[in-house]
Amino acid sequence: MQGQSQQQAYDRGITIFSPDGRLYQVEYAREAVKRGTASIGVRTADGVVLAVDKRIRSPLMERTSVEKIHKADDHIGIASAGHVADARQLIDFARRQSQVNQLRYGEPIGVETLTKAVTDHIQQYTQVGGARPFGVALIIGGIEDGEPRLYETDPSGTPYEWKALAVGADRGEIEDYLEEHYDEQMDLDAGVGLALSALASVNDGHLSPEGIGVATVDAETETFASLDDATVEEHLAEHELLPSDEE
Amino acid sequence: MQGQSQQQAYDRGITIFSPDGRLYQVEYAREAVKRGTASIGVRTADGVVLAVDKRIRSPLMERTSVEKIHKADDHIGIASAGHVADARQLIDFARRQSQVNQLRYGEPIGVETLTKAVTDHIQQYTQVGGARPFGVALIIGGIEDGEPRLYETDPSGTPYEWKALAVGADRGEIEDYLEEHYDEQMDLDAGVGLALSALASVNDGHLSPEGIGVATVDAETETFASLDDATVEEHLAEHELLPSDEE
Amino acid sequence: MQGQSQQQAYDRGITIFSPDGRLYQVEYAREAVKRGTASIGVRTADGVVLAVDKRIRSPLMERTSVEKIHKADDHIGIASAGHVADARQLIDFARRQSQVNQLRYGEPIGVETLTKAVTDHIQQYTQVGGARPFGVALIIGGIEDGEPRLYETDPSGTPYEWKALAVGADRGEIEDYLEEHYDEQMDLDAGVGLALSALASVNDGHLSPEGIGVATVDAETETFASLDDATVEEHLAEHELLPSDEE
Amino acid sequence: MQGQSQQQAYDRGITIFSPDGRLYQVEYAREAVKRGTASIGVRTADGVVLAVDKRIRSPLMERTSVEKIHKADDHIGIASAGHVADARQLIDFARRQSQVNQLRYGEPIGVETLTKAVTDHIQQYTQVGGARPFGVALIIGGIEDGEPRLYETDPSGTPYEWKALAVGADRGEIEDYLEEHYDEQMDLDAGVGLALSALASVNDGHLSPEGIGVATVDAETETFASLDDATVEEHLAEHELLPSDEE
Amino acid sequence: MQGQSQQQAYDRGITIFSPDGRLYQVEYAREAVKRGTASIGVRTADGVVLAVDKRIRSPLMERTSVEKIHKADDHIGIASAGHVADARQLIDFARRQSQVNQLRYGEPIGVETLTKAVTDHIQQYTQVGGARPFGVALIIGGIEDGEPRLYETDPSGTPYEWKALAVGADRGEIEDYLEEHYDEQMDLDAGVGLALSALASVNDGHLSPEGIGVATVDAETETFASLDDATVEEHLAEHELLPSDEE
Amino acid sequence: MQGQSQQQAYDRGITIFSPDGRLYQVEYAREAVKRGTASIGVRTADGVVLAVDKRIRSPLMERTSVEKIHKADDHIGIASAGHVADARQLIDFARRQSQVNQLRYGEPIGVETLTKAVTDHIQQYTQVGGARPFGVALIIGGIEDGEPRLYETDPSGTPYEWKALAVGADRGEIEDYLEEHYDEQMDLDAGVGLALSALASVNDGHLSPEGIGVATVDAETETFASLDDATVEEHLAEHELLPSDEE
Amino acid sequence: MQGQSQQQAYDRGITIFSPDGRLYQVEYAREAVKRGTASIGVRTADGVVLAVDKRIRSPLMERTSVEKIHKADDHIGIASAGHVADARQLIDFARRQSQVNQLRYGEPIGVETLTKAVTDHIQQYTQVGGARPFGVALIIGGIEDGEPRLYETDPSGTPYEWKALAVGADRGEIEDYLEEHYDEQMDLDAGVGLALSALASVNDGHLSPEGIGVATVDAETETFASLDDATVEEHLAEHELLPSDEE
């Protein structure tokens with residue numbers, strides 16, 4: 001009882017520390033991320049894979065309108081989890097940063113440079129008053145100097161680089177799966193397979209093609225590409241992740 | 001009791017997260033939408049249909065003054081549900097965006113582009129302090145590259161694309177009806193019929209012409225048009241939705 | 001008890017939604033309107049009528065200083081009910097809008113255009129922090145394209161068009177009377193008679209000329225005109241609304 | 001008890017409505033006016049009279065430093081009641097308005113025009129946050145187009161025109177006296193007499209010359225003039241309002 | 001108990017009225033004035049006298065550093081009581097006003113003009129939010145058109161003109177003494193004597209020269225002058241106000 | 001209990017008065033000063049002495065990094081006590097003021113002028129909202145017109161001039177010592193001795209050279225100089241203030 | 001209980017003092033520092049050493065993405081502990097300061113100059129409202145005039161200079177170890193050894209190369225350099241800090 005009322009005293013203010021040095025609003029924004037369906041990123045030897053759970057709440061809703069994978073630049077894709085409208089703000093910010101970089105330096109923005117521009121932007125919303133933090137986590141994947149790179153931004157504004165990761169619902173279970181099965185030398189196809197298997201692992205082992213989205217950024221072409229449904233279904237079939245008929 | 005006082009602690013602040021990652025003010029703005037009478041959008045093979053319940057609180061009020069369907073541009077219509085004055089702000093914003101697009105690029109604005117400009121505007125009111133969210137949902141329907149498109153904006157600033165949807169009172173029941181009867185291949189006339197039948201389904205099965213408004217955007221002409229009362233009555237008669245005499 | 005303290009939590013903040021989607025400050029501003037004496041508008045076939053109850057709190061106060069009917073432009077009059085000082089702000093705003101329209105477009109402002117400029121102005125005070133809503137309702141009547149038009153603005157910033165309406169104290173009873181006796185084809189004189197009878201209906205059936213104000217906007221001349229006391233008295237006599245001697 | 005705590009919830013916020021549509025801060029500012037000693041205005045056939053109770057709290061204080069009658073322009077005087085420092089702000093505002101009018105239009109400002117400029121200024125302090133209302137009421141008297149005019153401004157920003165009025169302490173009793181004895185045809189001298197008698201009526205029937213201030217604006221000369229002590233004493237003697245010797 | 005909690009509700013807000021029309025923050029600022037040692041002003045036939053109690057809290061503190069009498073201009077002095085740092089702000093403001101007047105009009109500022117500039121400045125801090133009132137009262141004494149003038153400014157921003165006054169601790173007792181002994185015709189020397197006697201009257205009848213400060217503004221020379229210790233001691237001796245040896 | 005909750009009501013607001021006219025935030029800032037180790041200033045016939053207790057919390061910390069004596073200009077030194085980071089802000093402010101004075105007037109800034117610029121700066125933080133007071137006291141010592149001058153600034157923004165003073169921990173005891181032993185005619189060396197003895201008096205009578213800092217401003221050379229450790233040790237030895245060996 | 005609720009009253013406000021003169025938000029920001037893993041700085045005769053504990057929360061996370069050592073300029077490195085996103089803001093600030101110094105003065109920034117620019121920046125966030133303090137401590141090490149220098153910045157904005165120090169978790173224990181083993185004359189290699197041994201001392205005596213980061217700034221070359229894993233492992237082996245095989 002005492003502990004609880006103590007907590008309440010600090011978690012209502014946007015930009016203040018609790019006595020134990022925590023920023024509750026940032027932690028609650030992380031809860032907003034967990035309320036979103038999962039998104040996964042996998043870095044392979046020849047590119048990065050983004051895969052997202054995009055469950056549709058009605059058969060009348062267009063699947064494409066559940067936007068969880070975005071093209072930030074020709075060579076960079078972003079997957080999100082959490083508050084959708086907040087994600088759109090950060091995606092727009094990332095796109096503008098990419099264009100500015102191209103205009104100013106005449107070359108594509110680096111994946112790390114872009115990630116840190118985004119996290120610095122996020123951090124401002126955790127320290128200066130008059131606004132709440134962003135309730136969204138991003139997976140930023142792309143090619144930099146020919147190398148695949150994979151980053152995460154969290155609501156505190158901290159950047160992390162990963163070989164493979166998940167954000168959103170069931171993050172812990174999916175990361176356990178990834179740790180067990182990840183192999184740094186796998187190719188892009190294997191990476192798609194791993195991402196789908198990991199997503200299926202918290203989904204009774206099955207995925208229907210229309211409930212997921214997959215995109216890749218190929219290291220050779222340095223080009224972002226969304227996989228069409230047929231291709232996704234092939235991958236699911238190959239890994240025996242399609243729902244069985246009797247279901 | 002405890003749960004309730006806990007909730008109160010977070011729902012008074014405009015732009016802060018609750019411990020479970022929710023934005024109560026946005027959720028309450030959704031309640032404001034539910035307090036409004038229903039609006040329906042249906043996308044057909046050759047155009048989009050907007051239909052609204054515009055019950056008049058007095059026979060002395062001009063029906064036309066209950067504005068729930070608005071022409072945003074020649075090729076785009078918008079139906080709203082919720083706080084009327086807020087809707088007017090967003091409609092004005094949408095019209096300005098359409099004009100700016102025409103002036104800047106010399107071509108009509110895309111339906112998706114317009115929708116996302118509106119939702120980005122809405123999102124700002126959910127993150128930056130000093131204002132409340134918009135208490136209104138919009139259905140934005142129009143023609144883009146010859147194709148009918150139908151979108152929803154909600155108080156969080158999230159855009160959704162739909163084949164058919166309802167916003168406002170009785171949303172759930174109306175969407176159940178739409179899911180059961182929707183056929184992607186129907187023509188515009190069938191779409192009007194579906195929209196009216198769905199609206200009647202939560203209205204004892206009957207509608208009087210003066211209590212509703214209907215508009216269409218035809219894919220061929222790319223033109224927004226409001227249906228006059230006689231035409232609406234014909235549709236109602238055709239689908240046996242007119243009130244019987246003994247009522 | 002619980003319900004009440006719940007309500008208190010939401011009605012103190014100017015621009016926030018309650019859990020059921022209401023804006024209490026706007027609803028309280030409507031109460032401020034009800035605290036004002038009644039104002040009536042009637043649209044007839046050849047013009048609009050504005051009639052107001054302007055009870056004077058002392059015989060030493062000049063009747064003309066209780067301003068409830070205002071000329072907004074040559075062809076538009078406005079009657080108000082509620083917080084007098086707030087009404088003056090909106091009237092000034094309306095007059096400036098009229099002048100700007102004349103200067104910019106070289107033609108008189110439309111009644112609907114003016115009404116919506118006013119309601120958009122009002123809406124801002126309900127969404128953006130740092131100010132309270134306007135505690136006043138306006139009846140805006142005038143001639144547009146030769147046609148009489150009659151509008152209402154309420155504290156939420158919603159515009160309504162009416163054939164006949166009342167705002168302020170006893171709105172419900174007066175509107176009942178108007179609904180029963182209104183005839184769209186009546187002429188301006190009959191409209192004055194209806195407005196006065198409706199006002200008398202909540203006043204023991206009698207009105208003294210000095211306690212009321214009447215103005216008309218004639219569709220033919222497109223000119224706002226206040227009725228002098230003698231003319232008002234004639235109307236009252238014609239409809240047997242003058243106080244009997246023994247009172 | 002319940003009613004009281006309910007009231008407290010609304011009267012601390014500067015610019016918000018209570019559930020019954022009242023603005024408590026404006027009502028409390030009216031209480032600040034009542035805490036001030038009375039000021040009286042009387043309009044006669046040939047000019048206006050301003051009379052004020054200016055009790056001095058110490059014989060060492062200069063009577064002239066209790067400023068309750070101010071010359072706003074050659075043809076306009078202002079008497080105040082309530083918070084003295086607030087009154088000074090409004091008087092300064094009125095003087096600037098008068099000068100601006102003279103500069104801009106080459107003619108003296110109208111009394112009504114000046115009054116409404118002042119009340120519009122006052123209203124702003126009741127609607128926009130960050131400041132409190134003015135705790136003062138003004139009586140503005142002057143000559144416009146050769147006619148005596150007499151106005152009141154109250155803390156809500158509402159203008160009233162009067163034949164005769166009182167503001168400040170004992171307003172009700174003084175106005176009862178004025179209503180009983182006022183005659184629209186009286187000349188300026190009679191007006192001074194009425195004002196002094198009314199003031200004496202709440203003062204045991206007696207006034208000492210040094211405790212009061214009187215000024216007039218003559219309709220013929222259109223000139224503001226303060227009465228000197230001798231003249232005031234003559235008036236008091238004429239109306240038998242001087243304290244008797246044994247007091 | 002009830003009355004107290006009621007008061008607390010209103011005295012925490014800087015710029016709001018209490019239900020009985022009071023501004024508590026201004027009243028508390030007056031308490032800050034009372035916490036300061038007394039300052040006295042006396043107007044004589046040929047100049048004004050300022051005298052202050054400047055008790056030193058340690059023998060190691062320089063007496064001159066307790067600044068309670070300030071020269072605002074050649075012909076104007078100011079004594080203060082209350083919050084010392086606030087007084088310095090107002091003195092600086094007064095000096096700038098004096099310089100601006102000299103530059104703009106080529107003549108020394110009038111004592112009344114200066115006083116009212118200061119009180120208008122003070123009033124702003126009582127009405128507009130974001131700052132507290134000034135916790136200081138000033139006695140402004142000087143020569144205007146050859147005549148000695150003596151003014152007070154209080155924390156509400158009200159100006160008063162006096163023949164003789166005290167501010168700060170024991171104001172009431174000192175003013176009683178002044179009322180009893182003041183003579184408008186006395187010369188400057190007698191004025192110094194009266195000021196010192198009045199100060200001594202609340203000090204066991206005795207004053208030590210180092211505990212007080214005295215300054216005069218002579219009407220003939222129109223010059224502010226501080227009295228040196230020897231002169232002050234002469235005055236004290238003349239009026240038998242020096243501490244007796246056995247003390 | 002009652003008194004305490006009463007106090008709490010007023011000490012949380014930065015810039016408001018309590019009912020008894022106190023500014024609690026300023027008083028709490030004074031507590032922040034008392035939490036700092038002591039600093040001492042002594043004015044002698046031929047210069048000023050600044051001495052500070054600079055206990056180091058670890059042998060690995062550089063003694064020079066505990067900055068409590070600062071050179072503000074060639075002829076002015078400043079010692080501080082209280083919140084270190086706040087002190088740095090004020091020292092920077094003082095240095096800029098010194099440079100500006102040199103640039104603008106071509107001469108070194110006066111000690112009193114500098115002190116008052118600093119205290120006016122401090123006062124702003126006690127009256128205008130949006131910031132807290134400075135939690136630091138400064139001793140400003142220097143030479144002005146060939147004369148040694150010694151000032152104190154406190155968190156309220158009040159300047160004081162002293163012959164000798166202490167700020168920070170044990171202020172009272174150290175000032176008692178100073179009062180007993182101070183002699184205005186002593187030379188600079190004696191002044192150093194007095195400052196060290198006073199500091200030792202609250203330190204078991206002993207001081208280790210590395211735990212203190214001493215600086216002087218010589219009246220003849222008008223130059224600020226820090227004493228090196230050897231010189232400090234000589235002074236300590238001379239006054240038998242060195243820790244005895246067996247300690 | 002009483003003490004606790006007392007504390008709560010003061011620690012919620014960002015920029016206010018508690019009655020005992022403390023700034024709770026700054027103290028809580030220090031707790032945020034303690035929540036971070038430890039960072040160590042050691043100054044040797046020929047350079048400075050920075051060593052950090054960079055435990056990775058998952059084998060899939062890239063070690064390099066846990067950034068705790070940053071190059072601020074060619075000759076200056078910075079290690080951080082605490083809130084990572086806040087650290088990034090300060091590192092960016094430090095880098096901009098370094099570049100500005102180079103551009104403006106044509107020479108590398110001094111280590112002390114840079115440190116104080118950073119602490120002044122930090123202090124602003126503890127005094128001016130509308131933002132929270134930085135929840136991070138920095139160790140700034142570099143070469144100035146050929147000499148190694150080592151500084152700390154804490155959340156209050158106070159700069160400290162050290163011979164060797166730790167920030168973050170286990171600060172006390174690590175500093176005890178450093179005090180016992182530090183030798184000012186050791187060379188850079190010995191400094192690396194001391195830093196690693198100190199870090200191991202709170203880690204069961206062992207460190208794995210991938211869990212730590214080490215960088216040096218050499219006094220001769222004045223160049224910042226990160227040690228590669230092999231070199232770190234050599235150092236660990238040399239000091240027998242590698243985990244034994246059976247672990």
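User: How many residues does the contact take from chain A and from chain B?
Analyst: In this predicted model, the count is made separately on each side of the contact between the two chains. Chain B contributes 39 residues, and the number taken from chain A is 34.

User: What area is buried between chain A and chain B, and what percentage of it do carbon and sulfur atoms give?
Analyst: The size of an interface is often expressed as the accessible area that is lost when the parts come together. For chain A and chain B that area is about 3,100 Å². The part given by carbon and sulfur atoms is 51%.

User: How many salt bridges are counted between chain A and chain B, and which residue of chain A forms one with Glu152(B)?
Analyst: The count between chain A and chain B comes to five salt bridges.

User: How far apart are the nearest C-alpha atoms of chain A and chain C?
Analyst: Chain A and chain C do not touch, and chain E and chain G likewise do not touch, with their nearest C-alpha atoms 12 Å apart. For chain A and chain C, the distance between the nearest C-alpha atoms is 12 Å.

User: Is helix α6 of chain B mostly covered or mostly uncovered, and which elements do its buried residues pack against?
Analyst: Helix α6(B), residues 188-201, reaches 20 Å from its first C-alpha to its last, close to the 20 Å expected at 1.5 Å a residue. The helix is mostly covered, with 11 of its 14 residues buried, among them Leu188(B), Val192(B) and Leu199(B). These buried residues pack against β1, β2, α5, β9 and α7 of chain B.

User: Which strands are at the edges of the five-stranded sheet in chain E?
Analyst: The open sheet has the order β8-β1-β2-β9-β10, with antiparallel pairing. Each edge strand pairs on one side only, and the two concerned are β8 (164-167) and β10 (223-226) of chain E.

User: Within that sheet, which residue is the bridge partner of Val42(E) in β2(E)?
Analyst: Strands β1 (residues 39-44) and β2 (residues 47-53) of chain E run antiparallel and are joined by six bridges. In β2(E), the partner of Val42(E) is Val49(E).

User: At about what angle to β2(E) does helix α6 of chain E run?
Analyst: This helix, residues 188-201, lies across β1, β2 and β9 of chain E. Its angle to β2(E) is about 25 degrees.

Notes: Residues are numbered from 1 along each chain as its sequence is written. Chains are lettered from A and ligands numbered from 1 in the order in which they are written. This is a predicted model: local features need pLDDT of at least 70, side-chain atom pairs count only at pLDDT 80 or more; totals for chains, interfaces and linings use all residues. Side-chain values use heavy atoms; hydrogens and water are left out. Contact means heavy atoms within 4.5 Å. Two strands pair if DSSP finds at least two bridges between them. Helices (H or I, at least four residues) and strands (E, at least two) are DSSP runs, numbered from the N terminus. Axes are lines fitted to C-alpha atoms, for helices over the stretch in contact, and angles run from 0 to 180 degrees between N-to-C directions. The expected span of a helix is 1.5 Å times one less than its number of residues. Buried means under 20% relative accessible area, exposed over 50%, partly exposed in between (1.4 Å probe, protein chains only). Buried area is the accessible area (1.4 Å probe) that two parts lose on being put together, summed over both. A salt bridge is a side-chain nitrogen of Lys or Arg within 4 Å of a carboxyl oxygen of Asp or Glu.
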